[in-house]
Amino acid sequence: MKERSEKWTAVDAYFTDLFKVSDDALEAALAANQAAGLPAIDVSPNQGKFLSMLARMSGARRILEIGTLGGYSTIWLARAVQEGGRVVTLELNPKHAEVARANLAHAGVAELVEIRVGPAIASLDALASENVEPFDFIFIDADKLNYPHYLAQSLALSRPGTVIVGDNVVRAGEIVNPASDDPNVPGVRVFSEMIARAPRLTATAIQTVGVKGYDGFAIAIVTS
Ligand code: SAH
Ligand code: DHB
Ligand code: MG
C-alpha cells in the first residue's frame, strides 16, 4: 500500500509540474494557511484545476461553494467564472474566513467572491429566502455529516443544468463499508443515496488518488 501511495504522489507531482498547474498565488495561499494553523485539507492542485475546468466547461457564471477553509479551492473556482460572474462561499469558522479573505485578495479575485460566515445550513436558507438567481455550479466540501442537508438546499438553489460536485465521497474506499470507523462515512453515504434517489439528478462518481491519498468526487447534473 505504501509503495502504491508513493507512486500516486509521484505521478500527481509529475503532472502538477509538467502542466504548471500551480502558481505563486496558490502556493502563497497554502503557506498562509499553514502559518495560520489551518488543517491541510484543501483540494490538491490537480483537483483544484479539475474543479476549475469543470466549472468553465459548464459555462458557470454563478458559483456556490460550501466550505471555504483558506480559500484555496475558492481561488480555483473564482478563476473559472465567466464575465460578470461571482463565487459565493460559505464558512463556519471566522478565522478560516479571515485567512481566506487575505488569500483571495492576494490572488486578485477578492471582488469576485462573497464569503458568508456562519453555519452553512443557515447561510443556504438565507440565500433561498433572498430569492437569489440559481447557481450554475455548486461545490460541496464542508462538514460531511451535513452533506445530505447541503444537497437538499443546493437543489433549491439550482436550475436545470446546474452541476453539483461533492468532495470526499470515497474516503479511502470506506464509502462501501457501512460499519466504518471514519466518522465522515455516514454523511457521504446518505448524501450519495440521496443523489441516487433524486429524480432531478443524474450522477457519477470519480475515484481519485494522489497527494491527498485515495478519495473521490460525486458529480451530478440537475436534469429538470
Ligand atoms: N474547500 C476547501 C476545503 C474546505 S475544508 C478547499 O478545498 O480549499 C471544510 C471547511 O468547512 C472548513 O473550513 C470548516 O471550518 C468548514 N465547515 C465545517 N462545518 C461547517 C458548517 N457547519 N458550515 C460551514 N462551514 C463549515
Ligand atoms: C477532510 C475534509 C475534507 O474536505 C477533505 O478534502 C479531506 C479531509 C477531513 O475532515 O478529514
Ligand atoms: Mg474536501
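Reader: What makes the approach of N168 to ligand 2 a polar contact?
Author: The side chain of N168 places a polar atom 2.8 Å from an oxygen atom of ligand 2. A polar contact is a pair of N or O atoms within 3.5 Å, so the 2.8 Å pair qualifies. D141 also has a polar side-chain atom 2.8 Å from an oxygen of ligand 2, and for D167 the separation is 3.2 Å. The protein covers 68% of the 290 Å² of accessible area that ligand 2 has on its own (Shrake-Rupley method, 1.4 Å probe). This is a predicted model, in which local features need pLDDT of at least 70 and side-chain atom pairs pLDDT 80 or more, while totals for chains, interfaces and linings use all residues. Residues are numbered from 1 along each chain as written, chains are lettered from A and ligands numbered from 1 in the order written, and side-chain values use heavy atoms, without hydrogens or water.

Reader: Which residues are around ligand 2?
Author: They are I41, D141, K144, D167, N168 and R171, each with a heavy atom within 4 Å of the ligand.

Reader: Why are D141 and N168 called buried?
Author: Buried means under 20% relative accessible area, exposed over 50%, and partly exposed in between, counting protein chains only. D141 has 15% and N168 has 12%, so both are buried.

Reader: How do you know which side chains make polar contacts with ligand 1?
Author: S73 has a polar side-chain atom 2.8 Å from a nitrogen of ligand 1. H96 comes to 2.8 Å from an oxygen atom of the ligand, and D143 to 3.2 Å from a nitrogen. In total, 21 residues surround ligand 1, the closest being G67, S73, E91, H96 and D141.

Reader: What makes V99 buried?
Author: Its relative accessible area is 12%, so V99 counts as buried. V99 lies in helix α5 (residues 94–106); helices are DSSP runs of H or I of at least four residues, and strands runs of E of at least two, numbered from the N terminus. Beyond four places in sequence, V99 touches A32, N33, A36, L38 and G70 (heavy atoms within 4.5 Å). A36 is 63 residues away in sequence, yet its C-alpha is 7.5 Å from that of V99.

Reader: How do you know that the span of helix α8 agrees with 1.5 Å a residue?
Author: The expected span is 1.5 Å times one less than the number of residues. For the 13 residues of α8 (185–197) that is 18 Å, and the end C-alpha atoms are 18 Å apart, so the two agree. The buried residues of α8 are V185, G187, V188, F191, M194 and I195, and they pack against β4, α7, β5, β6 and β7.

Definitions and conventions. Buried < 20%, exposed > 50% of the residue type's maximum accessible area, 1.4 Å probe, protein only. Polar contact = N/O pair within 3.5 Å; in protein donor to acceptor, adjacent residues only side chain to side chain.
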